[in-house]
Amino acid sequence: MPQPTSRDRFLELVHAALSDGSLVKLTLGRYRGSDATVRNVFIRPVALKAGPHFAFVWRHATRDITRNFTPNDALREIAALLGTQFLDAHLFRTSQSAQLETQPDGSARLRIKAVTTAADPDFAPTLPAAGHDRTKTHLIPAHAPWLRALGVTNERGQPREGMADKFRQIQKFAELLSHLLAEAQLPHDRPLTIVDMGSGKGYLTFTVAALLGERAQIRGIEARPELVDLCNRIARENNLAPRLSFAAGHIADTTLEKCDVLIALHACDTATDDALAHGIRAGAQLLVVSPCCQKELRRQLTAPPILADALRHGIFQERQAEFVTDALRAQLLEWAGFQTKVFEFISTEHTAKNIMIAAIRRPSPEPEREAKAQRTRDFAQFYGIRSQRLATALEFAL
């Protein structure tokens with residue numbers, strides 16, 4: 001009797017996860033189908049009025065498409081996709097994780113690991129699966145000791161007074177980053193190097209460490225020494241050091257030799273540009289920034305005649321400066337060899353600083369790059385922009 005293949009064994013684990021309710025998330029990656037816009041598929045359990053289903057979220061370059069399947073149909077769909085359209089799969093259950101890596105010749109390797117703590121490299125949450133009609137499952141457990149140490153939650157795992165928005169931000173960032181890391185197709189054969197510039201009190205830096213465990217070496221850069229000391233102490237006390245560490249320094253003065261992922265959330269004004277430039281030079285495959293205080297271009301903005309009357313008002317000038325700054329950043333990143341996405345980080349009811357720019361390194365052919373350069377210059381000239389910090393760092397003449 002032939003021995004089951006790695007693919008067969010992986011599908012058995014998927015069948016068990018779908019059947020016993022232990023599925024947290026399943027990711028299908030390394031797409032090899034005919035639609036060039038498809039990036040990956042994320043599968044999770046949902047509770048609908050019609051009964052338990054599984055949501056398949058097809059992530060495309062510019063949109064997401066969701067379809068819900070019954071358990072039997074979900075298993076058939078996964079079996080049809082795995083090894084044909086998608087070569088890699090990562091299964092998260094409440095008790096274990098499993099990763100299947102398929103080669104173009106059909107050979108495959110299966111790795112299975114038990115989940116024990118949040119420090120596990122393939123950590124998955126141990127709460128019951130959530131659905132549309134139930135309380136949401138959190139990727140970062142509310143009882144994580146470092147959340148208490150940072151003052152986000154209390155001993156019962158509940159957000160402290162005034163910290164509910166921060167708790168939601170942490171969970172949203174963990175969800176977004178897990179999708180972006182899968183889409184970026186980063187190396188699996190070594191720990192990732194991740195740098196968080198302007199890490200502040202470290203809420204989201206600790207989130208990355210909890211999400212990735214031993215799969216990453218994470219460094220936070222922060223200008224305020226007292227916050228660096230606090231974060232290093234909490235990292236040590238929660239057994240996250242030395243893979244998580246913090247250093248004092250200013251973004252503009254920091255030197256990066258090499259990194260896989262660069263994060264800069266709420267770096268003020270041109271500090272976002274400095275962080276992006278550092279990440280590009282260091283060879284980062286993924287850049288994640290949430291800009292704020294976009295002041296640099298406001299003095300340069302020359303209103304096109306049709307907009308002059310509207311832009312007499314200061315509030316419109318401010319919002320226009322924010323739009324032009326971040327749109328120009330996205331265009332420069334496209335020219336520099338990245339695929340960019342700009343989206344709302346969390347709802348504006350929680351914070352006004354809610355725009356996130358994510359960029360995944362995917363170089364373009366030279367003719368396409370030249371066309372992007374011309375579109376970027378046309379955009380800058382339309383608004384009268386003569387210089388901009390990221391453009392200068394990239395030696396891009398506007």
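Strands here are DSSP runs of E, at least two residues, and helices are runs of H or I, at least four residues, both numbered from the N terminus. Two strands count as paired if DSSP finds at least two bridges between them.

Within the sheet, β8 (residues 192-197) and β9 (residues 216-222) are paired in the parallel sense over six bridges. One of the bridge partners in β9 is Gly 220, which faces Asp 196 in this pairing.

## Helices across the sheet

Contact means heavy atoms within 4.5 Å.

## Helix α2 and its cover

The buried residues of α2 (residues 71-81) are Ala 74, Ile 78 and Leu 81. They lie on the same side of the helix because they cover an arc of only 70 degrees around its axis, the arc being that of the directions from the helix axis to the C-beta atoms. An α-helix has 3.6 residues a turn, so residues three or four places apart point the same way. On the other side of α2, Asn 72 and Arg 76 are exposed. Buried means under 20% relative accessible area, exposed over 50%, and partly exposed in between, with a 1.4 Å probe and protein chains only.

The cover over the buried residues of α2 includes α1 (6-20), β1 (23-31), β2 (38-48), β3 (51-60), β4 (64-69) and β5 (86-93). Just after α2, Gly 83 has a positive phi of about 85 degrees.

## The β5-β6 hairpin

Strands β5 and β6 form a hairpin with two residues between them. They run antiparallel and are joined by five bridges; His 90 has Gln 99 of β6 as its bridge partner.

In β6 (residues 96-102), seven of seven residues are buried. Gln 96, Ala 98, Leu 100 and Thr 102 are on one side, with Ser 97, Gln 99 and Glu 101 on the other, and both faces are covered.

## Backbone exceptions

Most residues other than glycine have a negative phi, and most peptide bonds are trans. Arg 30, in strand β1, has a positive phi of about 50 degrees and is buried at 19% relative accessible area. His 266, in strand β11, has a positive phi near 65 degrees and is partly exposed at 27% relative accessibility. A cis peptide bond with omega of about 5 degrees joins Ala 241 and Pro 242; Pro 242 is in the loop between α6 (225-237) and β10.

## The whole chain

The protein chain has 11 helices and 14 strands, and 53% of its 398 residues count as buried.

## Basis of the values

Residues are numbered from 1 along each chain as its sequence is written, and side-chain values use heavy atoms, leaving out hydrogens and water. In this predicted model, local features need pLDDT of at least 70 and side-chain atom pairs count only at pLDDT 80 or more, while totals for chains, interfaces and linings use all residues.
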